Amino acid sequence: MRLLVVGGSWFVGREIVSAAIHRNAEVTVFNRGRSGPVPSGVNFVQGDWENHADLLRLAENGPWDAVLDVAGSVPAIVRDVARALAPVTRRYVFISTISAYRDWPYEPVDEASPLWDGDPDYEPGTRRWDPDAYGPLKVGCEKAIRREFGDDVLTIRPHVVLGPREYVGRLPWWLGRIARGGRVLAPAPADRGFQPVDVRDLAEFTVDRAMRGDAGVFNVAAPVGRDTYGDFLDACAEVTGSSAEFVWADEQWLVKRGVTEWTELPLWRALPTAWSMDTGRAQAAGLRTRPLLETVCDTWAWLQAGGRPIDHERFAEHGIDPEREERLLAEWDRVSSRAPGS
C-alpha cells in the first residue's frame with residue numbers, strides 16, 4: 001500500500017510511520033522538517049501545509065491509498081489539506097481525540113456520544129494551545145474531512161496517549177517526581193480507574209485499520225477496569241527503584257485547596273467518569289493494549305538513555321511546585337490526624 005503521513009516526526013506520527021514501514025507499506029512523509037529527521041526508507045516531501053503551493057506540490061507525489069493525518073487541529077487548514085489530497089487519495093485517516101465528546105469527562109463516552117459543535121471552515125487565528133477550544137476544533141476538522149471524503153474516512157479518537165517520546169510531559173513528570181523520592185502527594189482514591197493508551201498500540205491499530213481499508217470511528221484506550229491510578233504510580237516507583245511514600249489525600253480536599261486537576265497532579269480528574277471510555281468496538285476490531293507497566297518502564301528507559309521530548313508549550317503546564325507540595329502534605333497531615341478513627 002501507498003500511505004501518506006502528514007506530520008510524522010513527533011510522538012504519535014513517528015510511531016505511525018514506524019508501524020507502516022514495519023508492514024511494508026510505501027510511505028511518504030510530509031512536514032516542515034523542523035522536528036527532527038524522518039526515518040530512513042520513506043519518501044520525504046518537505047513543505048508547510050499552510051502553504052497552498054506546497055500542498056499542490058505534495059499532491060503531485062500521489063496517488064495514495066490513504067493519508068494519515070496525525071497533527072490536524074485547525075479546521076481551515078485540515079479542510080485545505082483534504083481538498084488538495086482528495087483527487088489523489090482514496091481514504092483519509094484522522095487522529096482526533098476523546099475531547100471531541102461534549103460530555104467528557106463528565107459522562108462515560110462511546111462512539112455514539114454527542115460531539116461538540118465544530119465549524120469545518122474555522123480559522124482561530126492562533127496556533128497556541130487552548131484546552132477549552134481543542135475539542136471543538138478537532139470536531140471541526142472531522143467535519144471538514146467528511147465534506148471532502150464522504151464515507152471514506154477513518155476517525156481514531158484516543159484517550160490520553162503515553163509512552164516513549166511523550167512531549168506533553170505527564171508521565172515524564174511523574175517518573176521524575178517519584179524517582180526523587182520522599183513523601184509524594186497523590187489524589188485518592190488509589191483504586192480510581194485509569195486507561196491511557198501506549199503510543200505504539202495506537203499506531204499499530206491505526207495503521208492496521210488503514211491498510212485494511214476500514215472507515216468509521218474507533219475509540220482507542222486501555223480497557224475500562226484493567227488499571228488504576230494506584231497501579232500507575234506503583235509502576236513509576238517500581239521502574240525507578242524509588243522508595244517514595246505515597247500520601248493519598250482526599251481529592252475533594254485537593255480541589256478545595258485549589259490544586260489544578262489534570263496538570264498540577266498530571267492525569268488526575270476528580271471525576272470517576274474521566275477514565276470511562278468505551279473501547280469495545282476497537283477491541284473487537286483487533287486493538288491490543290500492552291500492560292501499563294511496560295509503557296512506564298519503556299518511557300523511563302528512554303529518558304535514562306538521554307531521550308528528550310520535543311520542545312512544546314504544554315510541557316511546562318505539568319507538575320506541582322515542590323514547596324507547594326510540601327505545604328499541602330503538612331496541611332493534609334493535620335487534617336487527617338483529626339479525622340475520626342485516626
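Strands β4 (64–69) and β5 (89–95) pair in the parallel sense over five bridges, where two strands count as paired if DSSP finds at least two bridges between them, and strands (E, at least two residues) and helices (H or I, at least four) are DSSP runs numbered from the N terminus. The model is a predicted one, in which local features need pLDDT of at least 70 and side-chain atom pairs count only at pLDDT 80 or more, while totals for chains, interfaces and linings use all residues. Residues are numbered from 1 along each chain as its sequence is written, and side-chain values use heavy atoms, with hydrogens and water left out.

**The sheet**

- Seven strands form an open sheet with parallel pairing, in the order β3-β2-β1-β4-β5-β6-β11, and its edge strands, β3 (43–46) and β11 (216–220), each pair on one side only.
- From one strand to the next, the twist averages 20 degrees, with axes taken as lines fitted to C-alpha atoms (for helices over the stretch in contact) and angles running from 0 to 180 degrees between N-to-C directions.
- Strand β1 (residues 2–6) pairs with strand β2 (residues 26–31) in the parallel sense over five bridges, and in this pairing Leu3 stands opposite Val27 of β2.

- Not counting residues up to four places away in sequence, Phe44 touches Val29, Asn31, Gly33 and Val38, where contact means heavy atoms within 4.5 Å.

- Helix α4 (residues 131–149) lies across β5 and β6 (153–158), and runs at about 170 degrees to β5.
- Eight of the 11 residues of helix α5 (residues 170–180) are buried, so this helix is largely enclosed by the rest of the structure; among them are Trp173 and Trp174.
- After α5 comes Gly181, whose phi is positive, near 80 degrees.

**Aromatic rings**

- The structure holds 14 aromatic pairs, counted when the ring centres of Phe, Tyr and Trp (its six-membered ring) lie within 6.5 Å, with planes under 30 degrees apart called stacked, over 60 edge-to-face and the rest tilted.
- Phe194 and Trp275 make a tilted pair, at 4.7 Å centre to centre and with 55 degrees between the planes.
- Because Phe194 lies in strand β9 (residues 193–194) and Trp275 in the loop between β15 (265–266) and α9 (280–284), the pair ties together parts that are 81 residues apart in sequence.
- Phe194 is buried, with a relative accessible area of 1%, and Trp275 is buried as well, with a value of 6%.
- Ring pairs link Trp104, Trp173, Trp174, Phe194, Tyr229, Phe232, Trp262 and Trp275 into a cluster.

**Asp214 in a loop**

- Asp214 lies in the loop between α6 (199–212) and β11, and leaving aside neighbours within four places in sequence, Asp214 is in contact with Arg91, Leu154 and Arg209.

Note on methods. Buried means under 20% relative accessible area, exposed over 50%, partly exposed in between (1.4 Å probe, protein chains only).
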